[in-house]
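Notes follow in the order I looked.

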Amino acid sequence: LDAIEIDRDLAATLQERFAGQGLTLHVADALRFDFAALAVQRGRKLRVVGNLPYNVSTPLLFHLLEAHGSIEDLHIMLQREVIARICAAPGSDDYGRLTVMLAPWVVAEALFEVGPGAFRPAPKVWSAVARLTVREAPAFPVDARFGRVVAAAFSQRRKTLRNTLKAVFSAEKMAQLPVDLGLRAENLGVDDYVRLAALVEPDG
């Protein structure tokens, strides 16, 4: 078992408590840790388990997925609402930018919820656990254009695509888009965003 802990005092306590029990502790920032290098050292893909800090959960997930070829799956605990967003289906209130941006890289499955009573002190929110199975290869080619389209579409959830996509497409191009511009961002599937991204001009 490899574990990552940024707090040096806590790391020292863990080293002492679990000495000789097969734990390798890395005193490091998980946001900068080289997961691909660790997989090479271990000679196999990694299986990642974590109760992710809410304030860094999104950047940490995408940092992990930079090493997607070195990771088999992730079992993560987050606030229940965030897990709902990760695993949401198109058309639901939870479906959003995070859902779409993770879709090329993982198959997400919500597993179970964890109530406040499981923690001391008890938080004011519920948590949930999900399994993210990393795809052997991205479901489709991903580049900066995909991220731009998704960010623009979800920038103002109450507005229709006719309004939000103006940030990415010219008026002439808008008239040619293969989606109903009267819809809102949450009504489009991931494949729709792939098609839209392919129509973005390379220079902007």
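**Rings, then pockets**

I started with the rings and got 4 aromatic pairs. A pair here means Phe, Tyr or Trp (its six-membered ring) with ring centres within 6.5 Å; planes under 30 degrees apart are stacked, over 60 edge-to-face, the rest tilted. Tyr95, Phe154 and Tyr193 are joined by ring pairs into a cluster.

A caution to myself: this is a predicted model, with local features needing pLDDT of at least 70 and side-chain atom pairs pLDDT 80 or more, while totals for chains, interfaces and linings use all residues. Residues are numbered from 1 along each chain as its sequence is written, and side-chain values use heavy atoms, without hydrogens or water.

Next, the largest pocket: I get a volume of about 970 Å³. It has 33 lining residues, and Asp2, Ala3, Ile4, Val48 and Val49 are the closest to its centre. Strand 1 (2-5), helix 2 (35-42), strand 3 (46-51) and helix 3 (57-65) each give two or more residues to that lining, and strand 3 has the largest share with 6. (Helices are DSSP runs of H or I, at least four residues; strands are E, at least two.)

Then I looked up the second largest pocket, which has a volume of about 180 Å³. Of its 14 lining residues, Ile86, Thr99, Ala103, Val106 and Ala108 are the closest to the centre. Helix 5 (97-102) and strand 5 (106-114) each supply at least two lining residues; strand 5 gives the largest share, 3 residues.

For both I used a 1 Å grid over the protein atoms alone and a 1.4 Å probe; a pocket is an open set of points with protein on both sides within 12 Å along at least five of seven lines, and lining residues have an atom within 4 Å of a point. Volume is the space filled by probe spheres set on the points, which are joined across faces, edges and corners.
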